[in-house]
Amino acid sequence: VDAISRPAMMHPRWWELSESDSTEASAEVVLKSVQSDGHALKLAPKIFRENREIVLAAVRQHWEALQWAAPKLKDDHGIVMIAVQQNGTALQWAGD
């Protein structure tokens, strides 16, 4: 089973979670997903791409996840530094 399909076992169609589904349980599903595959952040609803803990976990797993972070988190020095330490190319997605 690949990393992006694992979350489906926890919550069918987890990427369709909406702001009304932004419970702790839903956030935990998304968190586990991005911890397995940082690229899963691109499928996450906006509310979760604005969540620092989720974005941080995604970027720790793979630097490219920075591109799908909410704009305010692309300005977060700590998150950007984690991405850049993995690959300097991540600066292209950092905020101003």
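The tour below starts with the whole chain and then moves through a few stops.

**Before you click**

This is a predicted model, where local features need pLDDT of at least 70 and side-chain atom pairs count only at pLDDT 80 or more, while totals for chains, interfaces and linings use all residues. Residues are numbered from 1 along each chain as its sequence is written, and side-chain values use heavy atoms, with hydrogens and water left out.

**Stop 1: the whole chain**

Show the chain as a cartoon. You'll find six helices and zero strands, giving the pattern α-α-α-α-α-α along the sequence. Helices (H or I, at least four residues) and strands (E, at least two) are DSSP runs, numbered from the N terminus. Of the 96 residues, 41% are buried. Here, buried means under 20% relative accessible area, exposed means over 50%, and partly exposed is in between (1.4 Å probe, protein chains only).

**Stop 2: helix α6**

Select residues 77–86, which form α6. Which residues of this helix are buried? They are Ile 79, Val 80, Ile 82 and Ala 83. These residues cover an arc of only 160 degrees around the axis, so they sit on the same side of α6. The arc is that of the directions from the helix axis to the C-beta atoms. Now turn to the other side of α6, where His 77 and Gln 85 are exposed.

While you're here, click Met 81, also in α6. With 33% relative accessibility, Met 81 counts as partly exposed. Its C-alpha atom is 9.8 Å from that of Val 59, a residue 22 positions apart from Met 81 along the chain.

**Stop 3: α6 and its neighbours**

Two packed helices are described by the angle between their axes and the distance between the axes. The axes of α4 and α6 come within 9 Å and cross at roughly 10 degrees, which makes α4 roughly parallel to α6. Axes are lines fitted to C-alpha atoms, for helices over the stretch in contact, and angles run from 0 to 180 degrees between N-to-C directions. Angles under 35 degrees count as roughly parallel, over 145 as roughly antiparallel, 65 to 115 as roughly perpendicular and the rest as oblique.

To see the contact (heavy atoms within 4.5 Å), show side chains. On α4, pick Arg 52, Val 55, Leu 56, Val 59, Arg 60 and Gln 61; on α6, pick Gly 78, Ile 79, Ile 82, Ala 83 and Gln 86.

**Stop 4: Asp 76**

Next, select Asp 76, in the loop between α5 and α6. Is Asp 76 buried or exposed? At 16% relative accessibility, Asp 76 counts as buried. Asp 76 caps the N-terminal end of α6, with a side-chain oxygen 3.0 Å from the backbone nitrogen of Gly 78. The side chains of Asp 76 and Arg 52 are also joined by a polar contact of 2.7 Å. A polar contact is a pair of N or O atoms within 3.5 Å; within protein, one must be able to donate a hydrogen and the other to accept it, and residues adjacent in sequence count only if both atoms are side-chain atoms.

**Stop 5: back to α4**

Finish at the start of α4, where a side-chain oxygen of Asn 51 reaches to within 3.0 Å of the backbone nitrogen of Glu 53. Then colour the buried residues of α4, including Ile 54, Ala 57 and Ala 58.
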